[in-house]
Amino acid sequence: TVNYKYLQNFGGHTAPVSLSWSPFPGTPPMLDRKKTMDEADRYASSGQVAKALNEYRKLHREYPEDLGFMNRIGDLCVQAGRLEDASAMFKLLAQKYHRNQEGKKAIALLKRVVKLLPGDKDVAGLLVEQLMASGASKEAAQVHFQLALHLEKLGDAEGALDLFAQG
């Protein structure tokens with residue numbers, strides 16, 4: 001959506017006119033980024049996490065490449081106790097960091113997810129890949145070992161043995 005402001009001549013008098021145009025007819029105009037962020041932050045600071053999440057999701061839909069919005073959504077999901085949703089958002093964010101050649105940020109985020117969901121094999125696998133790519137093979141082996149111990153505690157002896165063999 002593009003907002004146009006111009007002066008229109010009305011019988012010798014000029015008056016400002018504001019028009020909104022959207023490249024996709026029937027779509028609502030773009031969000032006011034600052035206003036929506038302020039509202040989301042106000043909701044978050046007053047403990048209304050669900051409303052804050054709703055506002056940040058709107059922002060993320062409008063600005064999908066803004067990684068800060070993705071991180072904030074993940075943080076709010078953690079705050080709301082929705083660890084699976086947080087994990088999904090953080091995994092997506094880590095992949096974007098990886099594509100942007102920001103491996104250290106991806107590793108830090110994946111470590112956070114491993115702490116939130118220590119039994120998530122997919123996240124542990126992504127973390128191991130990132131660590132190996134960065135040359136931290138000892139730390140990658142530790143991640144395998146920690147996941148194997150966690151699986152053993154959960155009674156998944158076969159999964160634990162597989163990881164012990166890999167690590």
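Colleague: Which helix gives the largest share of the lining of the largest pocket?
Modeller: Keep in mind that this is a predicted model. Two helices, helix 5 (103-116) and helix 7 (137-153), each supply at least two residues of that lining. The largest share is 8 residues, and these come from helix 7.

Colleague: What volume does the largest pocket have?
Modeller: Its lining is made up of 13 residues, with Val114, Gln142, Val143, Gln146 and Leu147 lying nearest the centre. The space of the largest pocket comes to about 290 Å³.

Colleague: And how many residues of that lining are charged?
Modeller: Let's go through the groups. The lining has 6 nonpolar residues and 3 polar ones. The charged group in the lining numbers 4.

Colleague: Over to lysine 96: is that residue buried or exposed?
Modeller: Lysine 96 sits in helix 4, which covers residues 83-99. Leaving aside neighbours within four places in sequence, lysine 96 is in contact with Pro64, Glu65, Leu67 and Met70. Its relative accessible area is 12%, and buried means under 20%. So lysine 96 counts as buried.

Colleague: What about glycine 125: how does its relative accessible area class it?
Modeller: You'll find glycine 125 in helix 6 (residues 121-133). Its relative accessible area is 29%, while buried needs under 20% and exposed over 50%. That value falls in between, so glycine 125 is partly exposed.

Colleague: How far apart in space are glycine 125 and histidine 144, C-alpha to C-alpha?
Modeller: Along the sequence, glycine 125 and histidine 144 are 19 residues apart. In space, going C-alpha to C-alpha, the distance between them is 8.2 Å.

Notes. Residues numbered from 1 in each chain as written. Predicted model: local features only at pLDDT ≥ 70, side-chain atom pairs only at ≥ 80, totals over all residues. Heavy atoms only, no water. Helix = DSSP H or I, 4+ residues; strand = E, 2+ residues; numbered from the N terminus. Buried < 20%, exposed > 50% of the residue type's maximum accessible area, 1.4 Å probe, protein only. Contact = heavy atoms within 4.5 Å. 1 Å grid on protein atoms, 1.4 Å probe; cavity = no way out; pocket = protein on both sides within 12 Å on 5 of 7 lines; lining within 4 Å. Points joined across faces, edges and corners; volume = space filled by probe spheres on them. Nonpolar A, V, L, I, M, F, W, Y, C, P; charged D, E, K, R; others polar.
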